[in-house]
Amino acid sequence: MKIAVISCIHGNYEALNAVLSDIDTRQVDRIYCLGDLVGYGPQPNEVVAMIRSLDIPTCQGCWDEDIVEGLNACDCSYPSVLAEKRGRLAHEWTNQAIAPEVREYLAQLPVSLRHENLCFVHGSPHNQHEYLLPEMDAFAAMERVLATNADILFCGHTHIPYVRSLDGGQLQIRVQQEGQVPVQSLSFSTPLKRIVNAGSVGEPRHGRPNATYVIYDTDSDRVTLREVEYDYHKTCAAIIERGLPPIFAWRLARGLEFAERADDPTHICER
Amino acid sequence: MRKITLVAGSPGAGKTNWIRQHVSRLDRAAYLNLGSGAVPVDGTYLASELPQLTVLSEEQLALLQEPTFVEYPIYIELGFHLDLKSLVFPVRIGNYCRVAVISPDADASEWHDWADTIVSGANAKVNLAVPHLWRSVLTGEVLDWASLQTFWYELIHGAYGKVRRAKGIFDVADGRSLSFNFVAGLAESDSIELDLPLWSVGRPDRFSGIELVGEQLDERAISETLQDCCLDDAAIAYYQQQIQAFLVEEEEGAR
C-alpha cells in the first residue's frame, strides 16, 4: 500500500493542486495531511475546501490551532523580532480572511492520526509547536516515537523533508525507592524506529519554491521524498493581490520561510 | 605646508578605503565628507578606525581655515552625486589636489576629466543611469541583530528594489555598533564591529544610519522593515541589564 503524506500547505492553493496532481500519477492508495492548512498564504479557504472535498484525513497544525484558539506561538518559532511581527501580521490577516465553516473545520481536527504502525502528527506527539529537527538529540527523538507506540512517526512543521532512522537504541531504567534496596533495573533494546518529515507543500525552506511531500510504501517499507514544481508566480501574485506583505512573495520565490524557523535542535518546547 | 586632497569617484569604487589607507600612515589628519548630509556613515566609520583622524561635519568646513588645522593633511571626500563642474566651496580652502578613485573598467566620466590623479579602485558594478539615493538617520534606535541580518539579506538581494550600494551603521541589542557595507559586483562581506564602547544605558546618542544607492527603491517598505527591526524601550532596557552585568564582571575580572 502506498501512502502519500503532505504537510504545511499554508494557504498555497497552487502548490497543493500541483502536489495532488503529482500524487495522482504515483498510484497512491491513501493521503494523509499533517496540518497547517492555513497561515501566511493567500488562499486558506480554497485549500481547506480542496482538502475537505477529497476527504483527506488531516491532523491539526500549529497555525490551525492558533487560528482556532488565538495566537500563542512559543519561543520555538521566531528567530527574530522581525519574523515575529511578520508572523503576527500573517495571523491577523488569516484570522480575518477565513470563513466561519473553515474555522469550525480546523477546530475539530485531531491532534494526531494513526494507521497501523504509523503515526501522523504536525509538530511532535507532545504538541503542534515542537520542532523535530533532524539533528535533535537521538534519545529525545526516540522518546518522541516511542511515545506514540508506532514504528514510523510522520511529522511536518520544520518545512524541510528528511528521513531519520533510529536504531541500535539501548534503554536502561533504574528505579530506587527511598530507603529501599535493591534497585530495580530494566534494560531493553529498541527496535528500528523512524521519523519521516514530509517537508512543506506551500512554504518551502530548502532554497527553492517547489513543494515537497513524501510517499511511503508499506510493502517495500520505502520512503520517497518528492519535490514538485508549480507556478509559484501565481501564488506570489495572489499574495500581493490579497493584501499580504509583498515580502512574502519575494521570499516564497526564493524558497525562504516567510518568518518562522527553528534552528536550535537542543531547544525543547515548553508549551 | 598643508596638503588638501579632494577625493571623488563612483559609488563603491573605494574612496573612503583609499583615504583610510593614507591616513593610517599619518600621525594626524582631518576628514570631511561633502554630500553625506545628516548621514555621515563614512565619517563615523573612519573616526572609529583611526584615532588620529579628526572628522568634521559639512557645517564645520570653515574650521579648515582655523590655525588648528594649518598643519593637518586634509581629506575631503566628495559624494558621487555632487556636480564636480559646479562645485564651489563656501569657504576658501586654498590649493588642493584632486584624486578620483574609479573602477578599473569604468567608462570615461567626468571624474576622469576632473582628476589630477586617477586611482584604480574596486571593480564595483554600480553603473546607474539615474541613481536613486536614499538615506535614513537611525540615531537612538537599537536593532534586533537577527532582524537586521534578515533585513540586510533581503535588501542586498533585491527585495526592496535594485540596491547597488548600501552602507550603514547600526546599534544592536548587545550594545555594539556595527558597520555594514555592500557593493554590487564585489563579494559580500560580514559586518564589522566598530571600536566603540558598548552602549549600556538608554537610547544611544551616537550616530547610526543607512545610505542606499540603486534603482526603483521601495523607500516605504525599506523604512517600515527597518522600523520593524527596532527594539522598544522595554526590550532595550532588558538587554542593557545584561550588558551592564557583563561590564561589571569584566571590570571585576580585570582587577
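Analyst: In this predicted model, the largest pocket holds about 670 Å³ of space. On a 1 Å grid over the protein atoms alone, a pocket is an open set of points where a 1.4 Å probe fits, with protein on both sides within 12 Å along at least five of seven lines, and lining residues have an atom within 4 Å of a point; a volume is the space filled by probe spheres set on the points, which are joined across faces, edges and corners. The lining comprises 38 residues, and Thr16(B), Asn17(B), Asp42(B), Arg165(B) and Asn181(B) are the closest to the centre. Two or more residues each come from helices H1 (15–23) and H2 (41–49) and strands S4 (74–78), S8 (162–171) and S9 (177–183), all of chain B. These are DSSP runs numbered from the N terminus (helices: H or I, at least four residues; strands: E, at least two). H1(B) contributes the most, six residues. By class, this lining has 15 nonpolar, 13 polar and 10 charged residues. Ala, Val, Leu, Ile, Met, Phe, Trp, Tyr, Cys and Pro count as nonpolar, Asp, Glu, Lys and Arg as charged, and the others, including Gly, as polar.

The second largest pocket holds about 520 Å³. Of its 22 lining residues, Pro245(A), Pro246(A), Ile247(A), Ala221(B) and Thr225(B) lie nearest the centre. H8(A) supplies the largest share of this lining, five residues.

Residues are numbered from 1 along each chain as its sequence is written, and chains are lettered from A and ligands numbered from 1 in the order written. Because the model is predicted, local features need pLDDT of at least 70 and side-chain atom pairs count only at pLDDT 80 or more, while totals for chains, interfaces and linings use all residues; side-chain values use heavy atoms, without hydrogens and water.
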